[in-house]
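Please look over the sequence and the structure below before reading the notes that follow.

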Amino acid sequence: MRASLFITCYNDTLFPETGRAVVTLLERLGVEVEFHPQQTCCGQMHANTGFRGEAFSLAKRLICMYGEAEAVVIPSSSCVAMIRDQYAGLVEELGDGALGRELETLLPRVYELSEFLVDRLGVEDVGAYFPHRVTYHASCHGLRALNLGNGPLRLLAKVRGLELAPLKNLDRCCGFGGTFAIKNGEVSSAMLTAKLQDVLATGSEYCTALDNSCLLHLGGALHRQFAGMKTIHMAEILASTQDAVAGHPGDGDLLPGAPVGSWR
Amino acid sequence: MAVSAAADRPILDPARARPFPEAALPVLRDPQLRKNVAHAIDVIQGKRARLVAEKADWQALRASASRIKDVALQNLGAYLEEFEARCTAAGGVVHWAADASEARRIILDVLRAEKATEVIKIKTMTSAEIELNPFLEAAGIRAHETDLAEIILQLGEGEPSHIVVPALHVNRSQVREIFARRMGIEDLPDDPEALTAAARRVLRAKFLSVPTAISGANFLIAETGSVVVVESEGNGRMCLTLPRTLITLAGIEKVLPRFRDLEVMLQVLARSATGERMNPYTSLWTGVTAGDGPERFHVVLLDNGRSGILARERERQTLRCIRCAACMNACPVYRQTGGHAYGSVYPGPIGAILTPQLQGLRHAQSLPYASSLCGACYEVCPVKINIPEVLIDLRAQVTDQERQRARRFFDPLYLGLRVAHLVFARAWLFHAAQCLGRVGLRPFTRKDGWIHALPGVGAKWTETRDLRGLPQQTFHAWWAERAKGAK
């Protein structure tokens, strides 16, 4: 089994540990992982902000890039939803028949990470060990666009040492929404506050999800408030074993700021 | 405790309303209003969820409802003419109004012919859309709302914030205050029975004395020429049966092809709107019947931008809406802001797509962006309107409009997205931009690697959230290093 990893632009830039964890996890399960070095972005930000031409050009780039891949694995549910729900419309409007046919052959080969594990590989117990209390945030795209169902929870249930804390109002958005968090920063923050109340009420050490964009949002507020809870992509939990807490060195991995960090 | 004094009365005219993010600000700081909204929608949502869950064939019902509306919309002209012919044959008078001003004039002409000085009204969002009440007031005709929520708003000089429960943002003690003050009742208790009884005393007098009424319509039936109004209180039934003259104002998208279509539509509407198996009052009538109900009956069919929506293939689904408000009850944005921030009588997700389109995208351009695209609206919509899809499409239209303007050309978000596209289109440039970002963000990054404050547009993030800084190594660099090591 070969899987081509589409890491996504923001994971490549901001969350490389998630990508490393996916590689560790898949290789442990006997999957041969490929990585196309020319990959960048699926175009979701452009499409959702109304830049259709730009979104199409990035969509076309991605479709052509993965023509040969046996399976494309993406550790970001919103990017998978972008490809599944929006590419066809963009190609129909701005592309041609040949590209449309290429897209048709690509779509069945595109997997969100948990889909790839549960549906394609048929595994739930990936041999992970993560001795912490964890709550799962079912990001909107995973929940409603991809219909991931309880696959992610079944994966977590098989992680040794992990205590799963159920999250109230699981279907409610955290308020990220891409450029929504900027264009409607105040409303987005109000939604975030409401979400955090539920997340913190679980008394967990970690909040996990299959989409780092929600976690960027939740994690940003948890950090601001010294809440004592961290966010972690599920790939990193699933990659962790008793011997190696793979791919999650925490903030030590971050580039430290200038020595006079508090110039303000 | 007093509700919205006239001075800070929300503006629900899209042409004058402030952009959504700005209009939402005062609400976000209003604990009473936010508590009222969250409480009310939690109650309705809970009831809806229970009643939808008990329907094993709910998804099939949604699919049928959506198909029925699609059939109606695909042949809208023919069905409207069929309705007109049947309604006319049954003694009704059908008027066609291209826009709000024509509809207002038609209604005023009918009322003038009746020598009316007062009119009683059933809750109708369409009349709010055409701003009928202030127009009639200026023409010397006093409109009396008879829906309990509308009475609260009319007496309290408030504006509707929801299309099914217009006074959802007002709680019981606020209602008590409005009624006591405006009806001049001392020692009015705040229990629902006492408040309803107070309204009833005022209403009964109007029902028995005012001979003209205005209603909206939930459905028009082409096959029979019938009109359908559903409601919970029975006050609508009074308005539909007691007066001598009845005027019904209906958007052209309200028509259903066949009488039997009601079987599906009434099921999905009641469960979605109020979480009831069947709404308490369903009034159906066809033209006029001698000795029974109104002697004269007029229907005003309103376009007001609807045929423009009909003409666009992807947006046409907007007109399937049966005004159940399930989308706003499910919406996490509406939950925080309530309805007034949308600057329109149609708030929430459906308002975010309907209002800008009714305005021909000349106003309300901020509304398509008033959503995190979480999809909760689409999931609950009984006629399967893919609201996120339409929102994204409208965003594209707004973007095409705005990027032509010099002001927008240099807007940081627009500039940023154009640059981002250039960068994402070339991997080497993407990698170079990542390096540049590491240098550029360094002064804003604290020792722990996190960013606490950014200037300019970035501040919209860091005002309330920290931003994880950049890691020491990108993923692709790690991969390249690993591949080299493996050789």
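Leaving aside its neighbours within four places in sequence, with which residues is Val300(B) in contact? In this predicted model, Val300(B) touches His95(B), Ala97(B), Ala103(B), Ile106(B), Ile107(B), Ile247(B) and Leu249(B), once neighbours within four places in sequence are set aside.

**Chain B overall**

- The secondary structure of chain B amounts to 23 helices and twelve strands, and its C-alpha trace spans about 95 × 55 × 50 Å along the principal axes.
- Of the 487 residues in chain B, 49% are buried.
- When contacts in chain B between residues at least 6 apart in sequence are considered, 72% of them join residues at least 24 apart.

**The nonpolar core**

- The largest nonpolar core holds 227 residues, and those with the most contacts inside it are Ile107(B), Val300(B), Cys327(B) and Ile387(B).
- Helix H5 of chain A, which covers residues 77-94, gives the most to this core, contributing eight residues.
- In soluble globular proteins, nonpolar side chains tend to be buried together.

**An open sheet in chain B**

- Four strands of chain B form an open sheet with mixed pairing, and their order is S8-S5-S6-S9.
- Strand S8 (255-256) and strand S9 (281-286) of chain B stand at the edges with a single partner strand each, so one side of each is left without a neighbour in the sheet.
- Strand S5 of chain B, residues 219-221, runs parallel to S8(B) and is joined to it by two bridges, and Ile221(B) stands opposite Leu256(B) in S8(B).

**Two alanines in loops of chain B**

- Ala311(B) lies in the loop between helix H13 (306-310) and helix H14 (326-330) of chain B, and Ala311(B) is exposed because 9 other C-beta atoms lie within 10 Å, where 12 or fewer count as exposed.
- The C-alpha atoms of Ala311(B) and Ala198(B) are separated by 47 Å, the two residues being 113 residues apart along the chain.
- Ala341(B) lies in the loop between helix H15 (332-337) and helix H16 (348-358) of chain B, and Ala341(B) counts as buried because it has 30 C-beta neighbours inside 10 Å, where 20 or more are required.
- Leaving aside neighbours within four places in sequence, Ala341(B) is in contact with Phe20(B), Ala23(B), Ala24(B) and Val27(B).
- Ala341(B) and Pro134(B) are 207 residues apart along the chain, and their C-alpha atoms are separated by 21 Å.

Definitions and conventions:
Residues numbered from 1 in each chain as written. Chains lettered and ligands numbered in written order. Predicted model: local features only at pLDDT ≥ 70, side-chain atom pairs only at ≥ 80, totals over all residues. Pairing = 2+ DSSP bridges. Contact = placed C-beta atoms within 7 Å. Core = buried A, V, L, I, M, F, W, Y, C linked by C-beta atoms within 7 Å.
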